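Subject: Structure handover

Hello,

Here is the structure you asked to take over. Please open it next to this email and follow along; my notes come after it.

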Amino acid sequence: MSKKEFIRPHATELLRRLNEPRRFLQVVAGARQVGKTTLITQVAAKTRLPYCIASADEPTLRGLDWLETQWEVARVLAAKAGKGGALLVLDEIQKIPNWSESVKRLWDEDTRFRRPLKVVLLGSAPLLIQRGLTESLAGRFEILPLPHWSFPEMRSAFGWTLDMYLFYGAYPGAEPLTRQPARWSRYIRDSLIETTIARDVLLLSRVDKPALLRRLFELGCIYSGQILSYTKMVGQLQDAGNTATLAHYLELLAGAGMLTGLQKYAGSAARQRGSSPKLQVFNTALITAQSGMTLAEARANREFWGRLVESAVGAHLVNASAGGACQVFYWRDRNREVDFVVQAGKRIVAIEVKGGHARHALPGMTAFAQAFQPTRKLLVGGDGLAVETFLSMPVEDWLLT
């Protein structure tokens, strides 16, 4: 089955929003290659409205004149369509300088003149999109976060096993290349990693040390699932840059849906912000594509496979967090540790992952439970809950009491 034949639940949600009588600007934000263009094409076809899809993802940045031209084209379609109106889709909107002010003006004009034009904005840099929305478009928009594909989605669309998902990650467009592992690896490195860093991070954000940011990303993939202080990062990277620079670069990588740094759960926001981060990728393909291993070699390496399992569990959690379902932390007190702490409101779930390394006792879980009384404690892998079962269920289900 091709990915174009598979409809994600997010498409159904966007279609529902577009069919509602009240008019909101819809914003679909997610990392590269998570299926934004496919999703909006499916939705546009199901609306049965005339539509215009245009992309600002060009080597030379599009300008405001281009944006206004596309908007006028869609207005003509809406006028011809009558009461039903039309749909305008603008992809990679964050590539247009000062886009939010122009969108606000055009949107307000349509509202004032009651033009039946529905608008969807797509963007592959969620952090930059959020900045533009909060600066100019308060009260006019809804965001639909589009995360990396889940294990059930890859299994339904392509028949993947758990091992395939753990190793090849969750990029549907790369699925045909998995029969040629070397080619798949080059595609992930060149077309996804380098393109995201070069066009979604360096091109749109101030980065004084681009080489340092790239090395930080590589380091984060190597140490995904591990706690690493900023001081140790500086030493590993052999750079004179300060810890504030690394924290900023990690924030940019997180905003691009690549790598984040989980903070320590401490029951205090101030203490959480001051902790050493636990590095965590959003997609395990970012680890394996740079490892030089095949699936068989990775499976035979117990230490590497154990880290991959923990990173897959973490990726499942941080993708849910990026969608607003929860917050994700880790916990450590001296030599006692809990791999992940998931919080939604007053509900707290402590998660320990057993991915191949023997761990007969869970002193960290016991200590955490005594200190914070979590709603639920989960052991994933080993003698606990099967990894496949955990990854097959939405994170929200584990937060239910």
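Is C221 buried or exposed? At 3% relative accessibility, C221 counts as buried, because the cut-off for buried is under 20%. Please keep in mind throughout that this is a predicted model.

**Cysteines and helix α9**

C326 is also buried, with a relative accessible area of 7%. The structure holds zero disulfides. C221 is one of the buried residues of α9, along with L212, L213, L216, F217, L219 and G220. Helix α9 covers residues 210-222. Its 13 residues should span 18 Å at 1.5 Å a residue, and the end C-alpha atoms are 19 Å apart, which agrees.

**L259 and its surroundings**

L259 lies in strand β6 (residues 259-264) and is buried, at 0% relative accessibility. Which residues is L259 in contact with, leaving aside its neighbours within four places in sequence? From α9, the buried residues L216, F217 and G220 are among them. Q280 is 21 residues from L259 along the chain, yet their C-alpha atoms are separated by 5.7 Å.

**The nonpolar cores**

In soluble globular proteins, nonpolar side chains tend to be buried together. The largest nonpolar core here has 77 residues. The residues with the most contacts inside this core are W184, I188, F217, L317, I351, F390 and L391. Helix α15 gives the most to this core, with nine residues. A second, separate core has 25 residues, including C52, A54, L117 and L121.

Helix α15 runs over residues 302-322. Its 21 residues should span 30 Å at 1.5 Å a residue, and the end C-alpha atoms are 30 Å apart, which agrees. The helix is mostly covered, with 16 of its 21 residues buried. After α15 comes G324, whose phi is positive, near 90°.

L391 is in contact with A312, V313 and H316, and also with F151, P152, L162, Y165 and L166, once its neighbours within four places in sequence are left aside.

**Aromatic rings**

How many aromatic pairs does the structure hold? There are 14 aromatic pairs. In one of them, the ring centres of F151 and Y165 are 5.4 Å apart and the planes are at 50°, so the pair is tilted. F151 belongs to helix α6 (residues 151-158) and Y165 to helix α7 (residues 162-168), so the pair ties together parts that are 14 residues apart in sequence. Both F151 and Y165 are buried.

F368 and F372 form another tilted pair, at 4.9 Å centre to centre with 35° between the planes. Both lie in helix α16 (residues 363-372), four residues apart, about one turn of the helix. An α-helix has 3.6 residues a turn, so residues three or four places apart point the same way. Even so, F368 is buried, with a relative accessible area of 0%, whereas F372 is partly exposed, at 22%.

One aromatic cluster is formed by W149, F158, W160, F167, Y168 and W184. W184 is also among the residues with the most contacts inside the largest core.

The charged end of R23 sits over the ring of W107, 3.6 Å from its centre. K278 lies over the face of F340, at 4.4 Å from the ring centre.

Regards

Definitions and conventions
Residues numbered from 1 in each chain as written. Predicted model: local features only at pLDDT ≥ 70, side-chain atom pairs only at ≥ 80, totals over all residues. Heavy atoms only, no water. Phe/Tyr/Trp six-rings, centres within 6.5 Å; stacked < 30°, edge-to-face > 60°. Helix = DSSP H or I, 4+ residues; strand = E, 2+ residues; numbered from the N terminus. Buried < 20%, exposed > 50% of the residue type's maximum accessible area, 1.4 Å probe, protein only. Lys NZ or Arg CZ within 6 Å of the ring centre and 35° of its normal. Disulfide = S-S within 2.5 Å. Expected span 1.5 Å × (residues − 1). Contact = heavy atoms within 4.5 Å. Core = buried A, V, L, I, M, F, W, Y, C linked by side-chain atoms within 4.5 Å.
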